[in-house]
Amino acid sequence: MRVAYQGSDFMSFQNKSWLPSPKGGSRAQDVGRLFNSHKVDLQITDRFLSDTCPRLLLGILDAGKADLQRQVKPEAWLSTGPSPGPGHVMLVCHISGFHPKPIWVMWMQGEQEYAGTQQSDTLPNADGTWYLQKSLDVEAVETAGLSCHVRHSSLGGQDIIIYWEHHNSLGWIFLGVIVSLVLLTGLAFWLRKRWTHCEPPSNLILLE
């Protein structure tokens, strides 16, 4: 145990007694003699430092071990943010659901880190995991070869890598599916309406 007074070392407890610090001067020596004269207090202090305090700390560490050792893999996905200007696009890499908090996220072009990225604060989720996003303002013609890399202790050395080209192609596929469904729905509605308004010929004879 070390004691400071007015920002400087004053005295310390070692080998069951109080030792004045040279910086404490005569006042530290007087206080040390006073404290050392109370033998019962010396025994209590020694027992607290050598037994009670270590057992208390070990109990706290044991109780929190499960949370300290908890490993949850992150999920990552890409999106576009608000347009930063003509000819530019804002690419956003979202990472969520990871634990513990330390994580490394970077936009890469090939094997090189892409400069000019912006990272949000790492925020907590309701389940105790974490979330953050990494944004990149880039010219639309320079998106080729870009990818978001995520490194976390829960991944066992296997980084998550998401390529923007792959994400972009999936977006076009999704858009194509939506457009096809809209066209098919419109065609079905038109045929149904045409069939409903279709009247049988006046010379049609029904035979039983």
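I call a residue buried when its relative accessible area is under 20%, exposed when over 50%, and partly exposed in between, with a 1.4 Å probe and protein chains only. By that cut-off I find 23% of the 208 residues of the protein chain buried.

I note that the model is predicted, so local features need pLDDT of at least 70 and side-chain atom pairs pLDDT 80 or more, whereas totals for chains, interfaces and linings use all residues. I number residues from 1 along each chain as its sequence is written, and side-chain values use heavy atoms, without hydrogens and water.

I looked up the secondary structure, taking helices (H or I, at least four residues) and strands (E, at least two) as DSSP runs numbered from the N terminus, and the protein chain has four helices and twelve strands.

I then turned to an open sheet of four strands, in the order 7-6-11-12 with antiparallel pairing, where two strands pair if DSSP finds at least two bridges between them. Strand 7 (112-113) and strand 12 (160-163) are its edges, each pairing on one side only. Strand 6 (residues 104-109) pairs with strand 7 over two bridges, and Gln-109 has Gln-112 in strand 7 as its bridge partner.

Why does His-149 count as buried? His-149 counts as buried because its relative accessible area is 13%. Apart from neighbours within four places in sequence, its contacts (heavy atoms within 4.5 Å) are Trp-104, Val-105, Met-106, Met-108, Ile-160 and Ile-161.
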